[in-house]
Amino acid sequence: MERLGVDYLDYYLLHAVQDNNQHMYDNYHLWDWIRGLKEQGIIRRWGFSFHAGPDRLERLLTDYPDIDFIQLQINYADMEEPSVQAQANYDVARAHGVPFTVMEPVKGGSLAVPPRAVREIFDAANPDASYASWAIRYVASMEGVLTVLSGMSTLEQVRDNVSYMCDFKPLSAEEQAVFAKAQEALAQVHQYKCTGCHYCTDGCPMGIPIPDFFKAMNRKLIFENEAEAKRRYQQTSEKAGVNASDCIACGQCEAACPQRLPIIEYLAEVASELE
Ligand code: SF4
Ligand code: SF4
């Protein structure tokens, strides 16, 4: 706070609550700690950023009804995406009347250049609007939104964002219909239909993070964003200490996959495209 030059913080988040780390927030009593900061006047509002599904969110918002806000990953491509469940999390937040900030509105930059079929739909509706502006206005138009956190890396992007977020106009009914078409087109794009259930990973003798590799590959398949796909693949591979090409084709994972995905074939494709 000394470095920020402020006496208090308006919004303060516990970072990235998810399935594999909530026990730390519980065990170290961080919920009481952050409430204490508010009682002392050091922060004005407390919340958490969230990376899990609606059941956990429901429990948290029930257990901590005094929470001031949360931060959710929402964008028009992830509303029904099984590994994100943006629509279901949004519904839980609305049911509890908890306002939220939005992260990943442009899906790590992928929606700044969506697949061709989606671009054509947006171009037909408004050739002057940037694809990022469609993505950001989609989430900024939602009920209960406090603010949209848009990563910007160039002055041009800042100018574009400011041009439609100053004097902001929510989506019209016609524009909402454009999104329905865009989401339908997105669902048709070839991709690995992995739900991220992880049933395949427990018995893998090589410890291959199969769904995470597939998620990285989908960045290339859906969004034609090879650089981002490679970056995510390498990050995952380094963390797990294993490559897609380390698969020994034992078949355990394919027997466990409820989606009946050809995992061995997909991993070979991931290895040849991203390694
Ligand atoms: S086929 Fe490959 S990915 Fe699947 S369980 Fe065996 S080693 Fe792991
Ligand atoms: S079991 Fe199938 S759907 Fe589930 S994470 Fe593994 S590959 Fe994806």
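Trainee: What area is buried between domain 1 and domain 2?
Mentor: This is a predicted model. The domain assignment gives domain 1 as 9–187 and domain 2 as 210–274. Carbon and sulfur atoms give 48% of the area buried between domain 1 and domain 2. The area itself is about 690 Å².

Trainee: How many salt bridges does the rule find across the interface of domain 1 and domain 2?
Mentor: By class, the side of domain 1 that touches domain 2 has 5 nonpolar, 3 polar and 3 charged residues. Between the two domains there is 1 residue pair in polar contact. For salt bridges across this interface, the count is 0.

Trainee: Which residue meets Lys107 in a salt bridge?
Mentor: The search of the whole structure finds 13 salt bridges. In the one with Lys107, the N to O distance is 2.9 Å. Lys107 sits in the loop between β4 (100–103) and α5 (116–125), and its partner, 29 residues apart, sits in the loop between β3 (69–73) and α4 (86–96). The partner is Asp78.

Trainee: How far apart are the C-alpha centres of domain 1 and domain 2?
Mentor: The two domains are in contact through 11 residues of domain 1 and 6 residues of domain 2. Their C-alpha centres lie apart by 27 Å.

Trainee: Which elements give two or more residues to the shell around ligand 1?
Mentor: The shell has 14 residues, and the closest are Cys204, Cys247, Cys250, Gly251 and Cys253. By class, the shell around ligand 1 has 12 nonpolar, 2 polar and no charged residues. The elements that give two or more residues are α11 (252–256) and α12 (263–274).

Trainee: Which residues come nearest to ligand 2?
Mentor: Around ligand 2 there are 13 residues. They divide into 9 nonpolar, 4 polar and no charged. Those that come nearest are Cys194, Cys197, His198, Cys200 and Cys257.

Trainee: Which residues is Leu221 in contact with, leaving aside its neighbours within four places in sequence?
Mentor: Leu221 lies in helix α9, residues 210–223. With the neighbours within four places left aside, the contacts of Leu221 are Val189, His190, Gln191 and Tyr192.

Trainee: How far apart in space are Leu221 and Leu4?
Mentor: In sequence, Leu221 and Leu4 are 217 residues apart. From C-alpha to C-alpha, the distance is 42 Å.

Terms used: Residues numbered from 1 in each chain as written. Chains lettered and ligands numbered in written order. Predicted model: local features only at pLDDT ≥ 70, side-chain atom pairs only at ≥ 80, totals over all residues. Heavy atoms only, no water. Near = heavy atom within 4 Å. Nonpolar A, V, L, I, M, F, W, Y, C, P; charged D, E, K, R; others polar. Domains from an automatic or database assignment. Contact = heavy atoms within 4.5 Å. Buried area = accessible area lost by both parts, 1.4 Å probe. Salt bridge = Lys/Arg side-chain N within 4 Å of Asp/Glu carboxyl O. Polar contact = N/O pair within 3.5 Å; in protein donor to acceptor, adjacent residues only side chain to side chain. Helix = DSSP H or I, 4+ residues; strand = E, 2+ residues; numbered from the N terminus.
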